[in-house]
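Please look at the sequence and the structure shown below before reading on.

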Amino acid sequence: MVAASSVHVQVLPADVGEGRRSLLQMQVGARSMLGALALNTGGLLVDHGWVRVFGGGSAAQRGLPSLARVNRFPTVFDPVWHPAAGLVVGLDVVGGVFALNAGDPAAAGRPGAPGQMTYFAPDTLAWEAMEMGHSGWVSWLLSGRLETFYDGLRWPGWREDAAGLDLSQGVSVYPFLWSEEAHADLAATSRQPVPMREVIGVAADFARQAGPSDPGFLGEV
């Protein structure tokens, strides 16, 4: 799928041990999309690194964290543990988070059905249903439709900015993406690389204080 895609994608080298730990705790097969990514890749950098898909963790220095680390899996396999709100499976450089719904999305304050993808949007500070499963989401990422999805969230030169980031970094946009100023003229905002946890943390704090609701767990990045 990666080879056939017209989208710029980088497959990161895998940390085999961490990949096996992720696969075991998720209890999914290695032939599933989720299992294949966990076992065989350190993650994917999609569209010049704008979207980061978590896998088994990159063995390379400053690589992506694993699904196990991002979702705070138990250190040792625990058959009764599961991610209560859902499984965080990816993010984008401006603080959007992709998560796979758990068994009761409504109880976690998320839209969509169990097993479907949701997206925490940094321009609305709310979760949005994507109406597709994980494998469908990966296919969608590789389909070339991200330009439409991110209309209004990308600025001139975004490719170079995304590609130049360390994998621990995201892009801080000010005025913030959810502000009227950013909605009116994104190109006039200022942007700088900062730790990814800061990008997501600021959005989460605003969502709790002034946004629609507490977004809940957004991953350990």
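A residue is called buried if its relative accessible area is under 20%, exposed if that area is over 50%, and partly exposed in between, using a 1.4 Å probe and protein chains only. By this rule Gly-56 counts as buried, because its relative accessibility is 0%. The model is predicted, and for this reason local features need pLDDT of at least 70 and side-chain atom pairs count only at pLDDT 80 or more, while totals for chains, interfaces and linings use all residues. Residues are numbered from 1 along each chain as its sequence is written, and side-chain values use heavy atoms, with hydrogens and water left out.

Helices (H or I, at least four residues) and strands (E, at least two) are DSSP runs that are numbered from the N terminus. Gly-56 lies in the loop between β3 (51-53) and α3 (67-70). Contact means heavy atoms within 4.5 Å, and, not counting residues up to four places away in sequence, Gly-56 touches several residues, including Asp-15, Glu-18, Leu-37 and Ser-66.

**The sheet**

Two strands pair if DSSP finds at least two bridges between them. The table gives some of the pairings.

| Strand pair | Bridges | Residues standing opposite |
|---|---|---|
| β2 (residues 44-46) and β3 | 3 bridges | Val-46 and Val-51 |
| β4 (residues 86-92) and β5 | 5 bridges | Gly-90 and Phe-98 |

Strand β5 (residues 97-101) is mostly covered, since 5 of its 5 residues are buried. The hairpin formed by β4 and β5 has 4 residues between the strands, and Gly-95 in the turn has a positive phi of about 100°.

**Two helices**

Two packed helices are described by the angle between their axes and the distance between the axes. Axes are lines fitted to C-alpha atoms, for helices over the stretch in contact, and angles run from 0 to 180 degrees between N-to-C directions. Helix α2 (residues 33-40) packs against helix α4 (residues 134-141) at an angle of about 70°, and their axes are 8 Å apart. Angles under 35 degrees count as roughly parallel, over 145 as roughly antiparallel, 65 to 115 as roughly perpendicular and the rest as oblique, and α2 and α4 are therefore roughly perpendicular to each other. On the α2 side Met-33, Leu-34 and Leu-37 take part in the contact, and they meet His-134, Ser-135 and Val-138 in α4.

In α4 the buried residues are His-134, Trp-137, Val-138, Trp-140 and Leu-141. Seen down the axis of α4, they fall within an arc of 160° (taken from the directions from the helix axis to the C-beta atoms), so they line one face of the helix.

**Backbone details**

Most residues other than glycine have a negative phi, and most peptide bonds are trans. Arg-72, in the loop between α3 and β4, has a positive phi of about 55° although it is not a glycine. Glu-131, in the loop between β7 (126-129) and α4, likewise has a positive phi of about 55°, and it counts as exposed at 65% relative accessibility. The peptide bond from Tyr-174 to Pro-175 is cis, with omega near -5°.
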